[in-house]
Amino acid sequence: MINKPREHTKSIAIYPGSFDPIHNGHVDIIMRGARLFDRIIVAILVNLEKAPLFTVGERVEIARAVFKTLPNVEVDTFDGLLVDYVERRHAQVIVRGLRAVSDFEFEFQMALMNQRLNSNIETVFMMPAEKYTYISSRLIKEVFALGGRVHGLVPDLVEQRLRQKV
Ligand code: PNS
């Protein structure tokens with residue numbers, strides 16, 4: 001069922017993900033989101049199953065430092081169902097980045113499942129600048145661990161933190 005359009009309220013978008021680590025493709029999407037929505041909340045998943053390189057605390061600290069000059073970008077953590085978190089934060093939109101066709105299948109499944117779970121929440125897909133379309137957190141970690149250059153692909157702070165880790 002299609003609901004009536006809402007009265008104008010502040011548009012709040014949630015940009016969820018693992019962000020392990022945040023890279024310039026993420027940063028690009030967040031900047032675009034910050035222009036489009038009144039507020040964009042970068043929501044870092046607390047996933048106890050994965051073995052991350054950066055702890056959730058480190059990822060929050062890095063993302064807050066990267067966006068400290070953008071007042072309408074907030075960094076938070078969540079666990080449990082994303083749609084429940086979106087509702088708790090009184091947001092209306094989930095933002096996801098689409099880089100290539102290969103992202104589409106998983107994103108399509110997630111968007112439709114989230115739509116089924118809560119039909120008041122819309123998923124909005126955004127494309128990063130073309131120069132970032134091949135970057136992923138997994139590739140960044142792999143290339144850096146093997147001695148490759150990631151300069152220009154991640155914020156400088158992430159590069160520093162990677163050097164401390166590896
Ligand atoms: O950066 P990622 O790993 O692609 O992000 C995936 C994320 C965090 C968006 C997804 O795993 C998620 O929403 N997890 C929360 C649990 C949930 O709601 N699962 C059902 C989604 S259809």
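Where is the place of Ala-13? Ala-13 has its place in strand β1. Helices (H or I, at least four residues) and strands (E, at least two) are DSSP runs here, numbered from the N terminus.

Before going on, a word about the model. It is a predicted model, in which local features need pLDDT of at least 70, side-chain atom pairs count only at pLDDT 80 or more, and totals for chains, interfaces and linings use all residues. Residues are numbered from 1 along each chain as its sequence is written, and side-chain values use heavy atoms, with hydrogens and water left out.

Back to Ala-13. With a relative accessible area of 0%, Ala-13 is buried. Buried means under 20% relative accessible area, exposed over 50%, and partly exposed in between (1.4 Å probe, protein chains only). Ala-13 and Ile-94 are 81 residues apart in sequence, yet their C-alpha atoms are 5.7 Å apart in space.

**Around the ligand**

Now for the ligand. It sits in the largest pocket. As for what a pocket is: on a 1 Å grid over the protein atoms alone, a pocket is an open set of points with protein on both sides within 12 Å along at least five of seven lines, while a cavity is a set of points where a 1.4 Å probe fits but cannot get out; lining residues have an atom within 4 Å of a point. A molecule sits in a cavity or pocket if more than half of its atoms lie within 2 Å of its grid points.

Two elements give two or more residues to the shell around the ligand: β1 (12-17) and α4 (101-117). Of the elements, α4 gives the most to this shell, with three residues.

The ligand is surrounded by 13 residues, and the closest are Gly-17, Ser-18, Gly-80, Leu-82 and Arg-96. To count as near, a residue needs one of its heavy atoms within 4 Å of the molecule. By class, the shell has seven nonpolar, four polar and two charged residues. In this scheme Ala, Val, Leu, Ile, Met, Phe, Trp, Tyr, Cys and Pro count as nonpolar, Asp, Glu, Lys and Arg as charged, and the others, Gly among them, as polar.

Some polar contacts are worth a look. A polar contact is a pair of N or O atoms within 3.5 Å; within protein, one must be able to donate a hydrogen and the other to accept it, and residues adjacent in sequence count only if both atoms are side-chain atoms. Here are the ones between the protein and an oxygen atom of the ligand:

| Residue | Protein atom | Distance to a ligand oxygen atom |
|---|---|---|
| Ser-18 | side-chain N or O | 2.7 Å |
| Leu-82 | backbone N or O | 2.8 Å |
| Arg-96 | polar side-chain atom | 3.0 Å |

The protein covers 73% of the 550 Å² of accessible area that the ligand has on its own. Accessible areas come from the Shrake-Rupley method with a 1.4 Å probe, and for residues only the protein chains shown count as cover.

**Charged side chains that pair up**

Arg-96 also turns up in a contact within the protein: its side chain makes a polar contact of 2.8 Å with the side chain of Glu-107. Glu-107 is found in helix α4 and is buried, with a relative accessible area of 5%. Another such pair is Arg-161 and Glu-61, whose side chains are joined by a polar contact of 2.5 Å. Arg-161 belongs to helix α6 (residues 156-165), and at a relative accessible area of 18% it counts as buried.

What about the loop between β1 and α1 (24-36)? Pro-21 lies there, and the peptide bond from Asp-20 to Pro-21 is cis, with omega near 0°. Phe-19 is found in that loop too. Although Phe-19 is not a glycine, it has a positive phi of about 50°, and at 4% relative accessibility it is buried.

His-90 has a positive phi as well, of about 55°, and is not a glycine either. His-90 is in the loop between α3 (82-88) and β4 (93-97), and with 60% relative accessibility it counts as exposed.
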